Protein chains: 2
Amino acid sequence: MSVMDAAAGAVRGRRPELYARYRLPEPVLVTRPTMPALAKYQEQIAGIWERQWLTNNGQLHQEFEARLAAYLEVEHLSLFCNGTIALLVALQALRIHEGEVITTPFTFPATVHVLYWNRIRPVFCDIDEYTFNLDPNCIERLIGPDTKAILPVHVFGYPCNIGAIQEIADRHGLDVIYDAAHAFGVRHRGQPLASYGDLSVLSFHATKLFSSIEGGAIVASTAAEKKRIDFLKNFGFADEETVIGPGINGKMNEFQAAYGLLELDLIDEEIVRRRALVELYRRELADVPGISFRLDLPETEHNYAYFPILVDASAYGMDRDALHAELKQFNIFTRKYFFPLCSTIPCYLSLPSADPKHLPVAERVSKRILCLPIYGRLAPETVQQICAVIKVLGKS
Amino acid sequence: MSVMDAAAGAVRGRRPELYARYRLPEPVLVTRPTMPALAKYQEQIAGIWERQWLTNNGQLHQEFEARLAAYLEVEHLSLFCNGTIALLVALQALRIHEGEVITTPFTFPATVHVLYWNRIRPVFCDIDEYTFNLDPNCIERLIGPDTKAILPVHVFGYPCNIGAIQEIADRHGLDVIYDAAHAFGVRHRGQPLASYGDLSVLSFHATKLFSSIEGGAIVASTAAEKKRIDFLKNFGFADEETVIGPGINGKMNEFQAAYGLLELDLIDEEIVRRRALVELYRRELADVPGISFRLDLPETEHNYAYFPILVDASAYGMDRDALHAELKQFNIFTRKYFFPLCSTIPCYLSLPSADPKHLPVAERVSKRILCLPIYGRLAPETVQQICAVIKVLGKS
């Protein structure tokens, strides 16, 4: 029997006692959406009934797009029905629809699927141990004659090594599209993180820090790019009778925009609250053997959207999967995020770059990572209870 | 000076007089969404705040999916964020992602764009003079070794020649996917029109007869197909840790489902009202030289979603484009739908099947078609006023 099995067995034996003492009275989910007051939303949508205009660049859409761009301090932003369609259109906007794109296996499947939809072969590149982002040292050896672009992800809102990636891209004449799905509101080196790269793509899914129910956006560098993106998200229509290319329906509707507008009033407070919870988690878990986490990076204003830990089984006495399962018994619902690696999805598994031997860091991180519950309304006491459970499980 | 120029000139000369007499006091748009009462919608969404569940197969989504399937009398239905993404996934669900698919040029660009996104070369087939749908007599000569499927459209909700198309498909071993975006609620030969074909795809865009703000659905033949479609619209996730293929985000959110549920209570009345307006249009325009329209088809319960007319310039004295432009001056906003043909979109123009000489009927219809305003709340008096303008412009 391994150490882990023994530990798991020990916990099982002590369950009744531990449950009685530590089990949370209500299920704690990994996240809950930040919601505006119902009455405010009900009021916000009344205008839709007056105008009888439900989608297709309506008044709330225009207002949300402008206010969001101002909040994020970017000039050219296009709203989308969701972040996946935004990423799909971003590649199309840059005419990347063949060859290879270098990306990370440590991401949500959407990042890689949009390459498939754009007829592109993903090339998986290993990640950096600390930031979980593309390791610039591994990128260059993957560049070949068919490489068109680099698609890095600011995982958990931690900035990629922007400078190194841009230098490689410039040297080889590649586009850089950032999947900034986690990076809402993050600032880096005095600039919004979403302003880096040729294009940056945001997600406003309900589970994200900032939400428009479902939703997403592309941040473009120029007005011309934004214009083209706006055509492409509306089937390619440049005017009523001119279609400039194979667009798609990527339109955000008025009800999403109404929600997003109200969320803008809540986001600053939400980040403040999450920051306090992250700091609390860091204090509470600082001395738990086998549990590690990331601190703030220099020159970065973080958004504290997630609180991922790494579980070192030998030091903690239980591996990540066991901890994830045990926590459920205590009414604590965590998320193996990102697990499994995208390189292990059957449709990408046979790619040469998907071989685990080329992705040692990503493999290790993916097997150890666990995202703990975090959202603004989560009570600090609950975080303390979660940490108490993690401590007691580790000791057992 | 041609007859048409002369007629247009005559109208221009008489404008002040005609405007004074016939101009509508308020703009009449080609359509307006059927909207539930604001208070009902406000009440309907309150549960979303209680459950704090905004998307990802929420309670309203489940309820809407079940009630919609029951209303349409189909067994297996999957909701989508919009009809375009539904159509894109429908092809993927059948593993149609190479080769050729035969479709119509007389459709909204989305029909053809989803072929592009699935790596398929569209093959344009001419249409039937009366129904505006794929002409079965033209299909077979377009079938080659690379043909994978037929993608017909029930244009304006008029059923395609289901029997002939299925016979051709069966003879050649092809799938049939119906774009039923216009066909909500239509019944044909004792069955819901959406139940024909391997898959049928519906659209619930705000401008459609039945709407969920934006939205769409796939009607599948089996429970296994629906299950696979539900995986694919959620990034391919079969469970928390298994991705079965390159899916996408096609999810309908709770706010759309809430809207769709309330629309179900309105749809029967909406069809009754539109039917009365269509009958009124038919009576009023019956004797206008150069203006023609379609009557009901046998064995069909129509949905009366649109009222398209064909303008024969030589008999009417003005061509379709001129009529469209003139009507605007009278505050009547019609739509050249579908114009231009998808075969004329630059990215498809160079396909051999896009040559206008192979598409004579589609070419002719596309240049003559004009959709007149129709929606349930449109007053019969307004239809009479619109017809009066059409009559006076034709005589001038």
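**Exercise 1. The surroundings of B:D135**

Determine which residues B:D135 is in contact with, leaving aside its neighbours within four places in sequence.

*Solution.* Step 1. Two residues are in contact if their C-beta atoms, placed from the backbone, lie within 7 Å. With neighbours within four places in sequence left aside, B:D135 is in contact with B:C125, B:D126, B:I127, B:D128 and B:V361.

Step 1. The model is a predicted one, in which local features need pLDDT of at least 70 and side-chain atom pairs count only at pLDDT 80 or more, while totals for chains, interfaces and linings use all residues. Residues are numbered from 1 along each chain as its sequence is written, and chains are lettered from A and ligands numbered from 1 in the order in which they are written.

Step 2. B:D135 is placed in the loop between β3 (121-124) and α7 (136-139) of chain B. Such helices (H or I, at least four residues) and strands (E, at least two) are DSSP runs, numbered from the N terminus.

Step 3. B:D135 counts as partly exposed because it has 19 C-beta neighbours inside 10 Å. A residue is buried if 20 or more other C-beta atoms lie within 10 Å of its own, exposed if 12 or fewer, and partly exposed in between; these C-beta atoms are placed from the backbone.

Step 4. B:P152 is 17 residues from B:D135 along the chain, and the C-alpha atoms of the two are separated by 9.6 Å.

**Exercise 2. Helices α5 and α9 of chain A**

Describe how α5(A) and α9(A) pack, and state which residues meet.

*Solution.* Step 1. Two packed helices are described by the angle between their axes and the distance between the axes. Helix α5 (residues 83-93) and helix α9 (residues 223-232) of chain A pack at an angle of about 120°, and their axes are 10 Å apart. Axes are lines fitted to C-alpha atoms, for helices over the stretch in contact, and angles run from 0 to 180 degrees between N-to-C directions.

Step 1. α5(A) and α9(A) are therefore oblique to each other. Angles under 35 degrees count as roughly parallel, over 145 as roughly antiparallel, 65 to 115 as roughly perpendicular and the rest as oblique.

Step 2. The crossing of α5(A) with α9(A) is right-handed. A crossing is left-handed if the near helix is turned anticlockwise from the far one by less than a right angle, and right-handed if clockwise.

Step 3. From α5(A), A:V89, A:Q92 and A:A93 meet A:E225, A:R228, A:I229 and A:L232 of α9(A). By class, this contact has four nonpolar, one polar and two charged residues. Ala, Val, Leu, Ile, Met, Phe, Trp, Tyr, Cys and Pro count as nonpolar, Asp, Glu, Lys and Arg as charged, and the others, Gly among them, as polar.

Step 4. The buried residues of α9(A) include A:R228, A:I229 and A:L232. Buried residues of this helix pack against β1 (76-80), α5, β9 (216-220) and β10 (237-239) of chain A.

**Exercise 3. Helices α4 and α10 of chain B**

State the angle, the distance between axes and the handedness for α4(B) and α10(B).

*Solution.* Step 1. Helix α4 (residues 59-72) and helix α10 (residues 254-264) of chain B pack at an angle of about 35°, with axes 8 Å apart.

Step 1. Their crossing is left-handed.

Step 2. Among the residues that meet are B:L60, B:F64 and B:L68 in α4(B) and B:A257, B:L261 and B:L264 in α10(B). By class, the contact has eight nonpolar, two polar and three charged residues.

**Exercise 4. Backbone features of chain A**

*Solution.* Step 1. A:F338 is in the loop between α13 (320-329) and α14 (346-349) of chain A.

Step 1. A:N57 lies in the loop between α3 (46-51) and α4 (59-72) of chain A. Because it has 17 C-beta neighbours inside 10 Å, A:N57 counts as partly exposed.
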